[in-house]
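Please keep the sequence and the structure in view while reading.

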Amino acid sequence: MTPVTNDATEPTDKKPGDSYVQSFARGLAVVKAFNAARPAQTLSEVAQASGLTRAGARRILLTLEALGYVRSEGRLFRLTPRILDLGFSYLTSMPLWNLAEPFMEALVQQVQESSSASVLDGDDIVYVLRVPVRKVMSINLSIGSRLPAWCTSMGRVMLSALPDAELDAVLRRADLRAHTGRTITDLDTLRARILDVRAKGWALVDQELEEGLISIAAPIRNRAGQVIAAMNVSGQANRTSAAEMEAKFLAPLQQAAQKISQMVVV
C-alpha cells in the first residue's frame, strides 16, 4: 500500500459522516499494522502498512509509546503486552464469556476433547474463549486468534445465520484456497454445505483446515434466537472419526451451547 500524500486525506472506507474520528481510526490502523509476521517494524514500514505518512505514523507511534502500548528499540517499534488490555476490555464487557467458561469446562471433562467459542468479525472468526484438553492443531490458537470463517465449523455455523445476500458477499470475498486435500474450494459446493448447516443447526468440518483436525460446532443464541457466537469440540481424526464425533459429541455440545444461550440476557 502506498502511503497517502496528505496527512489529512480521508481513508477510503465508508465512514459515518461527522461522527468519524479520523485520528482514532489512524491509531487503530497503526496498531493493526503489527502482526505475527511483522512484530517489529521501522517507522517507514509502519507508515507503509497503515497507509499513513511517516509524520502521521510517527505521531501515533510516539503517543502509543507514551501510553505504554508501544516500545522502541533503536529504529524498530513493537507492541507491548499492555495492548492486550484493549482486547480484554471487550471480553470483560461481555460477562457471557465468564459465565460460559464453566459450561465449556464441564463439556471438556465429559468428552475429553478441547472446546472453543468464537464470534464472527467480518469474514473471520475470532476466538473469545478456549478450554484445551490437549494440543490438536499446529496452529497456535488463543483468545483473539482469527481464522477464516468459511473453512471452520464455528465459522460455518455463524455464516449459515447470515441473510443470503451477506453470505454470498462473504463467500465472494473469501480466498478459497486449499488448506488440505479435503478443503472445499468450489464456491457452489461450499454455499450448499453452509445452507445444509443452516437446515441442521450444526456444522462438522473434517480436516479442511488442517490435516488430522476434525471439529463440530453449534450456535450460541440470544433471547431473540439470533446466532451471536458459536462453540465447538475439536479432535484428532486418528482417534475419532467424523461419524464418531457426531455420535458422541454433538448432543453434549448442543446441550452446553443451549445452557450458555440461556445465560444471554439480551
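## A kinked helix

The bend at a residue is the angle between two axes, one fitted to the seven residues ending there and one fitted to the seven starting there. The model shown is predicted. In it, helix α9, which covers residues 242–261, has a kink of about 45° at F249.

Which residues of α9 are buried? They are M245, F249, L250, P252, L253, A256, A257, I260 and S261.

## The chain as a whole

The protein chain contains nine helices and nine strands. It has 266 residues, and 42% of them count as buried. Its accessible surface comes to about 14100 Å², with 53% of that belonging to carbon and sulfur atoms.

Contacts can also be sorted by how far apart the two residues lie in the sequence. Among contacts with a separation of 6 or more, 56% are between residues 24 or more positions apart.

## Salt bridges

A salt bridge is counted here when a side-chain nitrogen of Lys or Arg lies within 4 Å of a carboxyl oxygen of Asp or Glu. How many salt bridges does this rule give? The count comes to twelve.

One of them joins R173 and D123, whose closest N and O atoms are 2.6 Å apart. R173 is in helix α7 (residues 164–173), while D123 is in the loop between β4 (114–121) and β5 (124–131), so the pair ties together parts that are 50 residues apart in sequence. R173 counts as exposed because its relative accessibility is 51%. D123, at 27%, counts as partly exposed.

Another salt bridge links D175 to R177, with 3.2 Å between the closest N and O atoms. At 46% relative accessibility, R177 counts as partly exposed.

The side chains of R71 and E73 also meet in a salt bridge, at 2.9 Å from N to O. Are these two residues buried, partly exposed or exposed? R71 has a relative accessibility of 37% and so counts as partly exposed. E73 counts as partly exposed too, at 35%.

Note on methods: Residues are numbered from 1 along each chain as its sequence is written. This is a predicted model: local features need pLDDT of at least 70, side-chain atom pairs count only at pLDDT 80 or more; totals for chains, interfaces and linings use all residues. Side-chain values use heavy atoms; hydrogens and water are left out. Helices (H or I, at least four residues) and strands (E, at least two) are DSSP runs, numbered from the N terminus. Buried means under 20% relative accessible area, exposed over 50%, partly exposed in between (1.4 Å probe, protein chains only). Contact means heavy atoms within 4.5 Å. Accessible areas come from the Shrake-Rupley method with a 1.4 Å probe; for residues, only the protein chains shown count as cover.
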